[in-house]
Amino acid sequence: MESNVKPMPAAGRMPVPDTGTLSGFLRFFLQELKPKGKVLTPFNVITGIIILVGIGIIAVRFAKGLGAVTNLSQAYPWGIWIGFDVVTGVAFAGGAYILTFAVHILKVKKYEPIVRATVLNGFLAYVFYSGALLLDLGRPWNVINPIVGRGFGYGSVLFLVAWHFLLYTLCLFVETAPAAAEWLRWVKARRILRKMTTATVILGVTLSTLHQAGLGGLFLTAPAKIHPLWYSSNIPVLFFISSMFAGFSMIIIESRFTHRIFSDRVDAEHHASHDRILLGLGKGSASVMSAYLFLKVIDLTHGHQWGMLLTPMGFWYLVEVLGFTLVPLVLYVAAIRKRSVELVRNTAFLTAVGVILNRLNISVIAFKWYEAVRYYPSIGEIWVTLAVISMELWVFRWVINRMPILGEHPDFKSGKESAKETNNPEVVRWTVSAS
Amino acid sequence: MAINRRDFLKVAGTAGALLAGARPAQAAHAVRTDVEFYGLLIDTTKCIGCRSCEEACNAKNGLPKPEVSFSSESVFEKKRDTTPEAFTVLNRFPNEKSPDKPIFVRRQCMHCTEPSCASACLCKAMVKTPEGPTVYHKDRCMGCRYCMVSCPFDIPKFEYDSPSPFVRKCIGCPDLVAKGEPTACAQACPEGATLFGKRRELIEEARRRIYQSQDRYYPHIYGEHEVGGTGYMFLSAVPFEKIGVRTDLGTKNYPELTSGFLSSVPLVDILWPAVLFGFNYLVSGKEKEDTKEDGHGE
């Protein structure tokens with residue numbers, strides 16, 4: 001698909017929205033809700049159909065129960081709505097905590113141009129995956145119980161994951177909000193939000209560490225159900241480490257698409273530094289992957305499981321660990337030595353497949369590998385997953401086309417303390433109306 | 001932007017609140033030593049496969065009538081599992097010791113001493129009562145099915161065909177047990193194959209039987225040590241892997257599998273922010289300059 005939006009106009013030329021009052025905000029918001037550019041593009045039609053049918057399937061699921069649209073059974077209580085949408089999706093959203101850590105804590109300026117897109121991606125991922133999680137819950141209206149205190153199951157890993165998940169989504173909201181504030185020209189709100197950034201990032205990295213690890217920790221309670229090649233008391237650590245290279249790879253993949261599709265929204269500065277950024281991400285990914293593989297070897301040795309590699313499940317394990325973790329690692333190293341951005345981009349896809357395989361193996365494929373009747377996802381489960389992804393893409397595109405995510409807002413260029421100090425009389429007027 | 005005192009307090013306060021919420025896991029499944037658990041001893045050498053226990057369970061829990069009547073033996077043709085409508089089921093296994101006397105084995109919740117389902121539940125819908133039964137509070141359940149993932153015996157069953165589903169399983173007749181009365185299935189058993197009592201006394205009785213009739217019993221009490229001990233225990237004439245129960249579960253109680261990870265949570269929640277603030281200070285260097293600097297993209 002191609003962006004169907006005109007480039008962002010230069011500062012001062014845009015009609016001035018009055019977003020300081022409620023009615024003004026609503027008028028601006030409704031006007032912005034309208035699609036920009038052509039509506040009937042192939043991408044819109046296909047994803048539109050997927051979303052509409054998906055909503056129908058979701059309606060059936062709520063009217064008749066999970067059994068009507070999923071292949072879940074008494075033997076397989078968790079399918080791809082958990083194994084892919086939540087467990088895999090959250091790993092890929094890991095890019096947000098890694099990058100905010102690099103940019104806001106370690107002050108690595110190099111990655112600043114991509115931090116907003118990554119955080120937005122992370123935020124939307126969390127919102128939509130927790131949405132998908134609600135579809136999978138039998139009694140979603142009770143989801144607030146562990147939050148409001150109708151039964152604090154604090155001995156449960158899921159309790160930990162739920163709380164950290166919720167709090168981290170709020171952190172991501174705060175980290176995304178400055179872009180929205182610039183879009184609305186809420187100068188005061190932007191100033192407050194930006195002051196909260198460092199603290200929010202520190203909290204966010206902490207929460208991410210625990211709930212990325214916690215998602216793996218969930219499976220610690222199934223030692224007799226997960227194939228010994230995948231079961232390990234190190235699952236939480238492995239999940240945490242792999243969420244880093246999952247995150248790196250997702251940033252590389254995502255930037256490939258956003259740069260092609262929204263190239264008009266990317267500013268020149270960002271374009272220039274982009275190759276250097278991608279090589280850096282590849283380096284980061286490679287170093288984390290070598291640590292991950294090292295842990296995997298230790299696990300194999302401690303569990304005396306080398307012999308199992310010669311079984312069918314062992315072969316499948318090698319496909320994941322060698323084919324989609326070791327090979328990408330080697331390719332990343334080669335790409336860095338040759339300074340080949342193209343190879344970094346392609347390797348990111350391979351790495352992502354490896355992460356998907358790993359998460360699906362633990363949650364679905366190597367889970368009860370011994371059962372005679374195995375679980376495989378139904379059409380309904382796959383369709384709804386695609387619908388959730390499509391909805392996320394729509395919202396992502398809507399935000400990218402309106403808010404200063406890929407490039408800086410002309411009125412809020414770095415180097416200026418705030419819009420207040422600009423000489424643009426219109427900006428000064430919004431400042432007054434916002435305060 | 002350099003962090004200042006206020007930022008630090010903001011994070012420290014939140015982290016402190018988290019710490020208070022995330023109490024160490026051990027507290028959640030502490031064993032009560034002042035009350036003795038009740039349990040069942042199921043002696044499969046005495047069971048004749050009459051299915052009275054199934055019928056009594058059905059009546060006690062108000063479950064729908066089964067497709068095949070309780071008097072029919074045709075159900076034994078294939079191995080059955082419990083369902084949302086049947087909390088206990090009997091299965092028939094060949095007896096290598098005396099081929100004309102098949103072995104009947106009940107399957108139902110084992111009411112573990114430290115249940116995995118209860119420790120897995122994030123809203124305390126599954127709870128171990130002091131008397132022994134592991135009960136289910138349907139009003140709290142959100143239907144996440146993590147109890148099903150965690151149960152080593154695959155006992156909790158889910159109502160997949162209901163728009164307002166519950167998890168169903170044997171809840172161990174908590175109303176009767178609280179009064180010290182036997183469970184419905186134990187009351188119904190005409191052969192004394194299901195024996196109700198204090199867990200400690202049941203283990204003594206089981207040991208006595210094994211010592212006194214060494215030909216009759218395989219010398220093991222299934223559930224004495226499995227997954228840290230279960231409230232419902234089995235005796236068998238043949239090795240347990242031959243009567244369809246898992247013998248590879250180990251003796252570690254399941255909540256212990258996650259307690260190490262969970263007790264690291266408060267540590268990470270407190271130490272991580274401190275370390276990250278430290279990094280931030282180190283990198284910021286000269287504070288005065290940095291406060292002027294406008295870290296764009298924040």
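A:Lys107 is partly exposed, with 19 other C-beta atoms within 10 Å; a residue is buried if 20 or more other C-beta atoms lie within 10 Å of its own, exposed if 12 or fewer, and partly exposed in between, with C-beta atoms placed from the backbone. Its phi is near 55°, a positive value in a residue other than glycine. A:Lys107 is found in the loop between helix 4 and helix 5 of chain A. Helices (H or I, at least four residues) and strands (E, at least two) are DSSP runs, numbered from the N terminus.

This is a predicted model, in which local features need pLDDT of at least 70 and side-chain atom pairs count only at pLDDT 80 or more, while totals for chains, interfaces and linings use all residues. Residues are numbered from 1 along each chain as its sequence is written, and chains are lettered from A and ligands numbered from 1 in the order in which they are written.

A:Lys368 also has phi near 55°, a positive value in a residue other than glycine. A:Lys368 sits in the loop between helix 12 (341-365) and helix 13 (379-400) of chain A. A:Lys368 is partly exposed, with 19 other C-beta atoms within 10 Å.

Now chain A as a whole. Chain A has 14 helices and zero strands. Its radius of gyration is 23 Å, close to the 22 Å that the globule rule gives for 435 residues, so chain A is as compact as a globular protein of that length. That radius is taken over C-alpha atoms, and the rule is 2.2 Å times the number of residues to the power 0.38. The C-alpha trace of chain A spans about 75 × 55 × 45 Å along its principal axes. Of the 435 residues in chain A, 48% are buried.

Next, one helix pair. In chain A, the axes of helix 5 (residues 112-136) and helix 7 (residues 157-184) come within 9 Å and cross at roughly 140°. Axes are lines fitted to C-alpha atoms, for helices over the stretch in contact, and angles run from 0 to 180 degrees between N-to-C directions. Helix 5 and helix 7 of chain A are therefore oblique to each other; angles under 35 degrees count as roughly parallel, over 145 as roughly antiparallel, 65 to 115 as roughly perpendicular and the rest as oblique.

On to chain B, which has nine helices and nine strands. Of its 298 residues, 46% count as buried. An open sheet of three strands in chain B has the order 8-1-9, with mixed pairing; two strands pair if DSSP finds at least two bridges between them. Strand 8 (194-198) and strand 9 (232-235) of chain B stand at the edges, each with a single partner strand, so one side of each is left without a neighbour in the sheet. Strand 1 (residues 38-43) and strand 9 of chain B run parallel and are joined by four bridges. B:Ile42 has B:Phe234 in strand 9 of chain B as its bridge partner.
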